Amino acid sequence: KMTISFINREFVENNNFTDLEISGGAAVFISQFSRVIKGVSWGMVLKPQSNGEVSVSLRSNPASINVAQMMTDYEIGGGHERAAGGTIKEEGKVFDSKEALEKIIKWMETSKPTLS
């Protein structure tokens, strides 16, 4: 079981948040809260960046998925077994977090994350 959180681009732009502010808030959530939710063994947070990309941060508990392997297999990033990240991007395209999440979920339907 997992948790997914995201911040959409419209919210960021309407409130004039900087990339640093969004990254800071997302880091606190993914590091401090996502792994301690009862019944959840891993999670991800997606956040839009001002350059049109969407940043993905993942964390997992022991005996759960290897989030670094997931990012490496999807070819968008890497990291450590329990903490990893990546970037959804496409030349000339502005992504929203929900759209990026849909791409990740579609990939996960055919590419099962590695357990570790």
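In the predicted model, Ile105 is classed as partly exposed because its relative accessibility is 35%. This residue is placed in helix α4, which spans residues 97-110. Together with Ile4 and Phe6, Ile105 makes a nonpolar surface patch of about 230 Å².

Confidence in the prediction was examined for the protein and by element. The mean pLDDT of the protein is 90, and 99% of the residues score at least 70. Among the elements, the lowest mean pLDDT, 86, belongs to helix α2 (residues 19-33), whereas the highest, 96, belongs to strand β4 (residues 77-79).

Phe11 and Phe17 form a tilted pair, with a centre-to-centre distance of 5.5 Å and an angle of 35° between the planes. Phe11 is partly exposed at a relative accessible area of 43%, and Phe17 is likewise partly exposed, at 33%. The ring centres of Tyr74 and Trp107 are 4.9 Å apart and their planes lie at 35°, so this pair is also tilted. Because Tyr74 is located in the loop between α3 (67-73) and β4, and Trp107 in helix α4, the pair ties together parts that are 33 residues apart in sequence. Both Tyr74 and Trp107 are buried, that is, under 20% relative accessible area.

A further contact involves a charge and an aromatic ring: the charged end of Lys93 sits over the ring of Phe95, at 5.1 Å from the ring centre.

Definitions and conventions. Residues numbered from 1 in each chain as written. Predicted model: local features only at pLDDT ≥ 70, side-chain atom pairs only at ≥ 80, totals over all residues. Heavy atoms only, no water. Patch = residues over 30% accessible without salt bridge, like charges linked within 9 Å, V, L, I, M, F, W, Y side chains within 5 Å. Areas by Shrake-Rupley, 256 points an atom, 1.4 Å probe, with all protein chains shown as cover. Salt bridge = Lys/Arg side-chain N within 4 Å of Asp/Glu carboxyl O. Helix = DSSP H or I, 4+ residues; strand = E, 2+ residues; numbered from the N terminus. Buried < 20%, exposed > 50% of the residue type's maximum accessible area, 1.4 Å probe, protein only. pLDDT = per-residue confidence, 0-100. Phe/Tyr/Trp six-rings, centres within 6.5 Å; stacked < 30°, edge-to-face > 60°. Lys NZ or Arg CZ within 6 Å of the ring centre and 35° of its normal.
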